[in-house]
Amino acid sequence: MDPIILPEPERKGGKSVLEALQLRQTNRYIGSRELSLQVLSNLLWAAFGVNREKASFNKLGRTAPSASNSQEIDLYVALKDGLYLYEAVPHQLTPVKAGDFRMLSGRGSAAVAPVNIFYVADLSRYDLGPDQPDPWIGEPEVQKSYYYTDTGFIAQNVHLFAASHGLATWFHNCRKEMITEEFNLGPNQLILFAQTVGYPK
């Protein structure tokens, strides 16, 4: 498997934010029609791409916020030919494993939809050093509140992009134990949820 170099994301077009909010919905009836590489690029950039060169804590800015700009959520993307990790820099899909892992996302149309995004929290991204201004960021329950919230921000970006561009999406649970093993996740990585994206049936 080779990396998928995504084209430059289009930052204009689609419906307005207010129109997208009016159209936002969960749609579990998703077909198998493929997304073009440009649409896939736009989708992943909208989800959690880089939108500015400098943000808090001397890091790049992303399209969704995170606690102390930790950027602790990774997007694992299952396409029909393999599993990839979305890397916002350099905006590409890096191969993880060959094979079709879409069925691990869930039931129904998840197994045939062109794109399934798996949200994985990497707890090692939380800076516990002396310069961290958040005194609670090392506490497990606080971290849990952060990574669940941060996943929600990204998932809503996906929902709004889908509504704006005529796509269907469904945010749901997934087969966590199987995914942890199949994705070779480390001890600091937690699989949280999945989101299925494609064209409506």
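Student: What is the order of the strands in the open sheet of seven strands?

Tutor: This is a predicted model, in which local features need pLDDT of at least 70, side-chain atom pairs count only at pLDDT 80 or more, and totals for chains, interfaces and linings use all residues. Residues are numbered from 1 along each chain as its sequence is written, and side-chain values use heavy atoms, with hydrogens and water left out. Strands here are DSSP runs of E with at least two residues, numbered from the N terminus, while helices are runs of H or I with at least four, and two strands pair if DSSP finds at least two bridges between them. The pairing in this open sheet is antiparallel, and the order is β1-β6-β5-β4-β7-β9-β8.

Student: Which strands stand at the edges?

Tutor: An edge strand here has a single partner strand, so one side of it is left without a neighbour in the sheet. The two strands in that position are β1 (4-5) and β8 (168-172).

Student: How many bridges join β7 to β9?

Tutor: Asp122 stands opposite Gln189 in β9. The strands β7 and β9 run antiparallel, and the bridges that join them number eight.

Student: How many of the ten residues of β9 are buried?

Tutor: Buried means under 20% relative accessible area, with exposed over 50% and partly exposed in between, using a 1.4 Å probe and protein chains only. Strand β9 is largely enclosed by the rest of the structure, because the buried residues among its ten number eight.

Student: How far apart are the end C-alpha atoms of helix α3?

Tutor: The expected span of a helix is 1.5 Å times one less than its number of residues. For the 25 residues of α3 (residues 140-164) that span agrees with the distance between the end C-alpha atoms, which is 36 Å.
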